[in-house]
Amino acid sequence: MMPSYYEFFCPVKILCGRQAADNIPYELEQFQARRPLIVTDPGVVRAGLLDVVVQAFSGAEAVIGGIFQDTPQDSSNVIVGQVARLYRENGCDALIAVGGGSVIDTSKGVNILVSENSDDLMEFMGAYIIKKPLKPFIVVPTTAGTGSEVTSAAVIANPDRKVKMSFVSPFLFPNVAVLDPRMTLTMPPRITAATGMDALTHAVEAYTCLQKNPVSDAYAVAAIALVREYLITAVTQGRNEEARLVMANAALLAGMAFTNSLVGVVHGLAHAVGGVAHVPHGVANSIFLPFGMEYNLDQVAGLYAELLLPLAGTEVFAQTAPAERAAKAVAVVKDLKQKMYDLCGLPRTLKEAGVPRDKLEEIARTALGDGSLIMNPEAVDYNDALRLLQAAYE
Amino acid sequence: MSPTGPRSFRPRKKSLKLLIARLSLFSLGRAFQAASALDEDIQEELAAWPEGYTVIMKIGPRGPAMVLVKEGDRMKYHGEKDRPADLLLTFKHLEAAFPVLTAQIGTPQAFAQNRATLKGDLSQALRLIRCLDVVQGYLFPNLIKKRIMKRVPPMTPKKMLNRMVVYMLGLPLGRP
């Protein structure tokens, strides 16, 4: 269905393939940048992935201006402030994020502060507040799920004010996304599964939420088909470069889709369960996806029916009666979730993810403050959220 | 071919649309004020906002606005008086605002069609949207509500009474 009006924007240059990271200094030159600050986390350093990026500067004109390697899993405005100070003290002129969602969002926050010459992120909280281009920003994802390398949003916690600050701006898009299979080869099976299910959730919600459009649909469908073909291989054969690269592309395509079409109730609940009970985002999305699909089934059954094709392939699609395709699509997602559990123990329920039952009310209340609910096709109130949480508990 | 005079490049004024938009914001502001004094669902949402919390809905770049300020346990409508906002919702221009202010499309569709920008805490914006849903529940008949809302809330006897107050005191007199 064609929306009466839509906008689509994604200005990120994509470098994809073996040795892609070696092109980083050349890309910096295109922006006349010579002293990038690298932002990463301890896991990336331990896995030796930072060395790949550092080595790319061998013989380059640009020199690394500094490295911040202590980004925590849940970043905050305090960390962003520290990194911004490091950037200024070292006279840097560009940013390179090497890591997953937290590293990338932290870098986006740093880029706001150093480009706007400010120390207060709160000034820029909200949608479309940033009014000018930011510093050159290159992202090298080390997981295949968040899609943050191609999104215009960042979420950064402010523990003092107990606020999760959301930032949305076309200027938050990175300039370059680098998909290099070397960066995801060492990802453990369970994280591979969680991030892959995260990408699938982005794509399914992008295809079915209110801001969908023909362009985001194309990216979402492509992403789902790639997840179907390669997620299990990436989980079971971590060293398979082809599977790793395809999953990186699936995450990127899903990211391009959802940054333009936005997401819905699955993300609303996942953000809340992440905030209250610290369940990793991909794990939470994987748990909630089939429940969210069932919840929206009455509103978007036709769209789920269409998704059966990329979700299950031509044979299953053709063998399923049109009236049963939507329910079948939900069943296929449930099967995939079970497979991920069988292969690597990816939690299927909130209980398996370690969420205390007495936190469900708080999670439901928190979910009501999540912007994702606006674009969900079905209305969601406190009782709806609580019912979904109870259904997903065990 | 004669050269085109500068007059041809001057866009026509949209005086009528502007007047309708201004009236809509005025009605919404007064209805919001009245409903916030009467409706428990709105009051529950407002409890999270501190005294003086200011919400502004305006039409860019220089269009009319609706200013609401938390005073006590309700929102007070302050006309178009410009002041710093905690939550600022700005429609990109008059044409972007018009279908929303004339109830042709709902709030989710307005955001889905990129008609407005938002400055402030997004989770508080969700509160505002839920309050707007309640206010629209009082203002519009079911036919319109079904078009602009995902789920039409049931009209209980208490809400029927509130609706009468909104229409008889809120809109014409700016009370309670």
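How many helices and strands are there in chain B? Chain B has seven helices and five strands, where helices (H or I, at least four residues) and strands (E, at least two) are DSSP runs, numbered from the N terminus. The legends below describe a predicted model, in which local features need pLDDT of at least 70, side-chain atom pairs count only at pLDDT 80 or more, and totals for chains, interfaces and linings use all residues. Residues are numbered from 1 along each chain as its sequence is written, while chains are lettered from A and ligands numbered from 1 in the order in which they are written.

**View 1. Overall form of chain B.** Read from the N terminus, the elements of chain B follow the order α-α-β-β-β-β-α-α-β-α-α-α. Chain B has a radius of gyration of 17 Å, close to the 16 Å that the globule rule gives for 176 residues, so it is as compact as a globular protein of that length. The radius is taken over C-alpha atoms, and the rule is 2.2 Å times the number of residues to the power 0.38. Along the principal axes, the C-alpha atoms of chain B fill a box of roughly 70 × 35 × 30 Å.

**View 2. The parallel sheet of chain A.** Six strands of chain A, in the order β1-β9-β6-β4-β2-β3, form an open sheet with parallel pairing; two strands pair if DSSP finds at least two bridges between them. β1 (13–16) and β3 (66–68) of chain A stand at the edges with a single partner strand each, so one side of each is left without a neighbour in the sheet. On average, neighbouring strands of this sheet are turned by 20° against each other, direction ignored. Within the sheet, β2 (residues 36–39) and β4 (residues 94–99) of chain A pair in the parallel sense over four bridges, and A:L37 stands opposite A:L95 in β4(A). Helix α8 (residues 241–261) of chain A packs on the sheet and touches β1, β6 (137–141) and β9 (176–179) of chain A. The direction of α8 makes about 150° with that of β9(A); axes are lines fitted to C-alpha atoms, for helices over the stretch in contact, and angles run from 0 to 180 degrees between N-to-C directions.

View 3. An open sheet of eight strands with mixed pairing has the order β7(A)-β8(A)-β5(A)-β5(B)-β4(B)-β1(B)-β2(B)-β3(B). At its edges stand β7 (153–158) of chain A and β3 (74–77) of chain B, each with a single partner strand, so one side of each is left without a neighbour in the sheet. Strand β5 (residues 126–127) of chain A and β5(B) pair in the antiparallel sense over two bridges, with B:K119 in β5(B) as the bridge partner of A:G126. β7(A) and β8 (residues 163–168) of chain A run antiparallel and are joined by six bridges; there, A:I156 has A:M165 in β8(A) as its bridge partner. Helix α5 (residues 101–116) of chain A lies across β7 and β8 of chain A, at about 90° to β7(A).

**View 4. Contacts of chain B with chain A.** In this view, 17 residues of chain B are in contact with 20 residues of chain A (two residues are in contact if their C-beta atoms, placed from the backbone, lie within 7 Å). On the chain B side, α4 (107–112), β5 (116–119) and α5 (122–139) each supply at least two residues. That side has seven nonpolar, six polar and four charged residues; Ala, Val, Leu, Ile, Met, Phe, Trp, Tyr, Cys and Pro count as nonpolar, Asp, Glu, Lys and Arg as charged, and the others, Gly among them, as polar.

**View 5. The two domains of chain A.** Chain A is divided into domain 1 (13–182) and domain 2 (187–391), with bounds from an automatic or database domain assignment. The centres of domain 1 and domain 2 of chain A, taken over C-alpha atoms, are separated by 26 Å. Contacts link 21 residues of domain 1 with 25 residues of domain 2 of chain A. β1, β8 and β9 of chain A each supply at least two residues of the domain 1 side.

View 6. B:G60 and B:P61 are joined by a cis peptide bond with omega about -10°, and B:P61 lies in the loop between β1 and β2 (65–71) of chain B. The bond from B:R175 to B:P176 is also cis, with omega near -5°. In chain A, A:Y128 is a residue other than glycine with a positive phi, near 65°.
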